[in-house]
Amino acid sequence: MLPSAQPVPPARSTGAGAYEMLLDALTRGDLAPGSRLREAELAERFGISRTPVREALKRLETQGLVTHEPHHGAVVARLDYSAMVELYHMREVLEGTAAFLAATHATAIELEALHDMVAADRALLGDGGRLAHSNRLFHRQIHRAARNRFLDAMLDNMRLSLVLLGRTTLSVPERGAAAVEEHAAIVAAIAARDPAAAEAAARQHIRNAFRARLALENRTPDGA
């Protein structure tokens, strides 16, 4: 049984509100790939009726985040190995392009914000959950600084698929520290107005994240 949440404001009781709450739970890893999604339990958890939950599940299904399995009903979708490889390949291309464009278009205030985010993240090492949230905000800031609405749309779609990876690699202590320094290298290249270096740093960052993902996936259940 999923734990009940505190009552939510009326605006969150709509299908759109239920969607945001479900997506947030997926992003945080509270609902892992393969988890069953029972309308009644989700409605109790979020303190809303089953109708908006049903609407939210349908929307998530159209986005590929929810699927139906025989004898189980709605479940959080899983990414197979091939899909994971394809996702990281596209992530490297898109994040590299975003960093390239940000090196040209980022304002002085945006650069200051990126520097501040890296500094703040150094204080979050050891807290995988908070670092993962901050990591998403960092990449989002670079996407905004890139100033390309079509690239941003592709990145938005990719972010939905990233939800299906489950556990964050930033929960691994050594990866968290390395990722923050990789972020610092990206910011340094953007601040230097060097698009090629910014793209190279961003691509290397995603390749390192993929290596960490493979290491995490290949670990045995007991952590050996």
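These notebook entries record what I looked up in the structure of one protein chain.

**Ground rules**

I am working with a predicted model, in which local features need pLDDT of at least 70 and side-chain atom pairs count only at pLDDT 80 or more, while totals for chains, interfaces and linings use all residues. I number residues from 1 along each chain as its sequence is written, and side-chain values use heavy atoms, with hydrogens and water left out.

**Overall layout**

I looked up the secondary structure and found nine helices and two strands in the protein chain, where helices (H or I, at least four residues) and strands (E, at least two) are DSSP runs numbered from the N terminus. Read from the N terminus, the order of elements is α-α-α-β-β-α-α-α-α-α-α.

I then turned to overall dimensions, and noted that the C-alpha atoms fill a box of roughly 55 × 45 × 30 Å along the principal axes.

Among contacts (heavy atoms within 4.5 Å) between residues at least 6 apart in sequence, 75% join residues at least 24 apart.

I also looked up the charges: the mean positions of the 27 positive and 27 negative charges are 2 Å apart. Here Lys and Arg count as positive and Asp and Glu as negative, without His or the chain ends, and each charge is placed at NZ of Lys, CZ of Arg, CG of Asp or CD of Glu.

I picked Leu23, which sits in helix α1 (residues 15-28) and counts as buried, at 14% relative accessibility. Leaving aside residues up to four places away in sequence, Leu23 touches Leu65, Leu160 and Val163. Val163 is 140 residues from Leu23 in sequence, yet their C-alpha atoms are 8.4 Å apart in space.

In helix α2 (residues 39-46), six of the eight residues are buried, so the helix is largely enclosed by the rest of the structure. I listed the buried residues as Glu39, Glu41, Leu42, Ala43, Arg45 and Phe46, and these pack against α1 and α3 (50-62). Just after α2, Gly47 takes a positive phi of about 70°.

**The hairpin**

I followed strand β1 (residues 66-69) and strand β2 (residues 73-76), which run antiparallel and are joined by four bridges; two strands pair if DSSP finds at least two bridges between them. I noted Val76 in β2 as the bridge partner of Val66, and Thr67 as standing opposite Val75 in β2. Three residues lie between the strands of this hairpin, in which His71 takes a positive phi near 70°.

Gly73 belongs to strand β2 and is partly exposed, with a relative accessible area of 26%. Not counting residues up to four places away in sequence, Gly73 touches Thr67 and His68. I also checked Gly73 against Leu37, and these two are 36 residues apart in sequence and 7.6 Å apart in space, C-alpha to C-alpha.

**Positive phi in two loops**

As background to this entry, most residues other than glycine have a negative phi. Arg147 has a positive phi of about 60° although it is not a glycine; this arginine lies in the loop between α6 (128-146) and α7 (149-162), and is partly exposed, with a relative accessible area of 43%.

I found Arg193 in the loop between α8 (173-191) and α9 (195-217), where its phi is near 55°, a positive value in a residue other than glycine. Arg193 is partly exposed, with a relative accessible area of 38%.

Note on methods:
Buried means under 20% relative accessible area, exposed over 50%, partly exposed in between (1.4 Å probe, protein chains only).
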